[in-house]
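User: I am new to this structure and would like to learn how its features are read, one at a time. Could you take me through them slowly?

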Amino acid sequence: MHAEKVNHDFEPKIIAFVCTWCTYAGADLAGTSRMQYPANVRVVKFPCTGRIDPVFILRAFQKGADGVLVSGCHPGDCHYMAGNFHARRRFAAFRGLLDFVGVDLQRLQFSWVSAAEGGKWVEVVTDLTERVRQLGPMREFKELEQEECWSGALAAADLQEAYEAIP
Amino acid sequence: MTNTASSIEQSVLIAPAVYEAATATIRAEAARLLSEGSVAAVIGYVPGRRAGTAMPAVVTDAEAAQQLVFSPACVNNLTLFLTKAKKEVRKKGRLAIVAKGCDLKALAGLIGESQLKREEIVVIGVVCAGVYGAAADRRAPLSSASLARKCRECSVHVPEGVDLLAGTLPELPRLDPLEAAELARLEAMTPAERWAFWKEQFSRCVRCLACRQVCPFCYCEQCLCDRNRPQAVESTPRPAGNTAWHIVRAMHLAGRCAGCAECERVCPMDIPLNLLNRKMAKELKALYGHEAGLEPKEKGPLAEYREDDDQSFIK
């Protein structure tokens, strides 16, 4: 099961926040089963999806992620009984907020991947990688990182003129 | 963006008499409570030094209670004084508080979050016809032009479940909801336009954190955004940190915010923060049928769950 090697213009960075009990084990299974999936994904392991703060997603985008995946146990399978139920509500609300601020929700994916679903992990990661590849790089947050406060105003022509007029 | 609507319609005067009646009741009640010793202090408003202003005050003796007022300039949400952020006030003992309808929602929220007990406080609810907006001319009587934006779509002119009600509600003019219209306008935009809108708004933020300091729900002893090991949100007033800060704050207030719009009022850069809060309130209403109300709820929508919650967004 060897994937064709293709050269792409743009390689998206995908950060996957996964729960240690299900999705991490699922990704591990995909690995030990020698399934191929895009190398674009960077996995960050958490004790539970309930531990994943929306701040982490913002931070990932700011630090250069083009797509973010949050994945954990199926409802009812949580190691801590209800962590994923709480996460589900939190991320439903967070999606609404991000959409309102103007972030493209196609770059953000939530999934349930169990420890037995190596195949689903491959599918989810491949889908997201391909989708983000089509969308191109995530520019919004990176641009914010690079901008100084007041940048627009300081670059104004009249200010420049005033600056140059200083004897 | 201004906090008043001046050009849209002819300005209508808003019942000045109701404030005087409320003032008289508040004074009498505060004096009674303090002299009979049933409360140690009354949190209310006293006139500010400039004409047409008012400021919060913690009154501890019956004589000083005669300075208490209620006027359209009483904009502050006094519930703030009952939170952990103002420990010195709580130490005084049993408290009475003057509360408008919108403040009462915050009070209900704090009770729901176990920050205080209902029986520990005496609530003097005031019938409120509205307060001044941020840019209003405070020497003129309150009119629909100088009314705060949140008051245009107020749902609790007469607070319920209070220990004493001050004032009676006059007939109020019907006003167009401005915030709802603004929210609808933003929702109709494309994501790229919304990003441009918020980018412009957030870029003005100077990170004075007044929005946090004035919010009755921001009572954490250590704010996530103040921590620097590890640093979750950049603390300098640069665009990246500003955007993250406002998103995080809206997220932390989701399902808790009572909509008193204090954050927006104190913002020196006029950032429409209440729009974010309103959006989150709307979102949580649509998702989980939760609304901030006058009845304390044991758990907010993000602190509980149901097994059959919508998960159509999860693959």
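**Reading a helix, a fold, a core and ring pairs**

Analyst: Let us begin with one helix: in helix H1 (residues 23–32) of chain A, the buried residues are Thr23(A), Gly26(A), Ala27(A) and Ala30(A). Viewed down the axis of H1(A), these buried residues fall within an arc of 95°, so they line one face of the helix. Please keep in mind throughout that this is a predicted model.

User: Why do residues that are spaced along a helix point the same way?

Analyst: The general idea is that an α-helix has 3.6 residues a turn, so residues three or four places apart point the same way. In this case, the cover over the buried residues of H1(A) includes strand E1 (14–19), strand E3 (67–72) and helix H4 (118–135) of chain A. Just after H1(A), Arg34(A) takes a positive phi of about 55°.

User: Which residues of helix H4 (residues 178–187) of chain B are buried, and what covers them?

Analyst: In H4 of chain B the buried residues are Leu178(B), Glu179(B), Glu182(B), Leu183(B) and Leu186(B). Around the axis they cover an arc of only 135°, which puts them on the same side of H4(B). The cover here comes from both chains, for it includes H3 of chain A along with helix H5 (191–203), helix H8 (262–266) and H9 of chain B.

User: How many helices and strands does chain A have, and what pattern do they follow along the sequence?

Analyst: Chain A has seven helices and four strands, and when the chain is read along its sequence they follow the pattern β-α-β-α-β-α-β-α-α-α-α. Among the contacts in chain A between residues at least 6 apart in sequence, 82% join residues at least 24 apart.

User: Which residues touch the most other members of the largest nonpolar core?

Analyst: That core has 66 residues, and Phe70(B) and Leu107(B) are the ones that touch the most other members. At least two residues each are supplied by helix H1 (17–35), strand E1 (41–47), strand E2 (54–59), strand E3 (95–99), helix H3 (101–112) and strand E4 (121–126) of chain B, and the largest share, eight residues, comes from H1(B). Apart from this core lies another, of 62 residues, whose members include Phe17(A), Ala92(A), Ala244(B) and Cys263(B).

Leaving aside neighbours within four places in sequence, the residues in contact with Phe70(B) include Tyr19(B), Ile26(B), Tyr45(B) and Val126(B).

User: Where does Ile97(B) lie, and is it buried or exposed?

Analyst: Ile97(B) has its place in strand E3 of chain B, and with a relative accessible area of 0% it is buried. Ile97(B) and Val122(B) are 25 residues apart in sequence, yet 6.3 Å apart in space, C-alpha to C-alpha. With neighbours within four places in sequence left aside, the contacts of Ile97(B) include Ile43(B), Leu78(B), Leu107(B) and Val122(B).

User: What describes a pair of aromatic rings?

Analyst: A pair of aromatic rings is described by the distance of the centres and the angle of the planes. Over all chains the count comes to 15 aromatic pairs, and one of them is the stacked pair of Phe46(A) and Phe56(A), with 5.3 Å centre to centre and 20° between the planes. Phe46(A) lies in strand E2 (residues 41–46) of chain A and Phe56(A) in helix H2 (residues 54–62) of chain A, so the pair ties together parts that are ten residues apart in sequence. Phe46(A) is buried, with a relative accessible area of 11%, whereas Phe56(A), with 22%, is partly exposed.

User: Which parts does the pair of Phe85(A) and Tyr305(B) connect?

Analyst: The ring centres of Phe85(A) and Tyr305(B) are 4.7 Å apart and their planes are at 0°, so this pair is stacked. The pair crosses between chains, from Phe85(A) in helix H3 (residues 83–101) of chain A to Tyr305(B) in the segment after helix H9 (273–288) of chain B. Phe85(A) counts as buried at 4% relative accessibility, while Tyr305(B), at 30%, counts as partly exposed. Ring pairs also link Phe100(A), Phe197(B), Trp198(B) and Phe202(B) into a cluster.

Terms used: Residues numbered from 1 in each chain as written. Chains lettered and ligands numbered in written order. Predicted model: local features only at pLDDT ≥ 70, side-chain atom pairs only at ≥ 80, totals over all residues. Heavy atoms only, no water. Buried < 20%, exposed > 50% of the residue type's maximum accessible area, 1.4 Å probe, protein only. Arc of directions from axis to C-beta. Contact = heavy atoms within 4.5 Å. Core = buried A, V, L, I, M, F, W, Y, C linked by side-chain atoms within 4.5 Å. Phe/Tyr/Trp six-rings, centres within 6.5 Å; stacked < 30°, edge-to-face > 60°.
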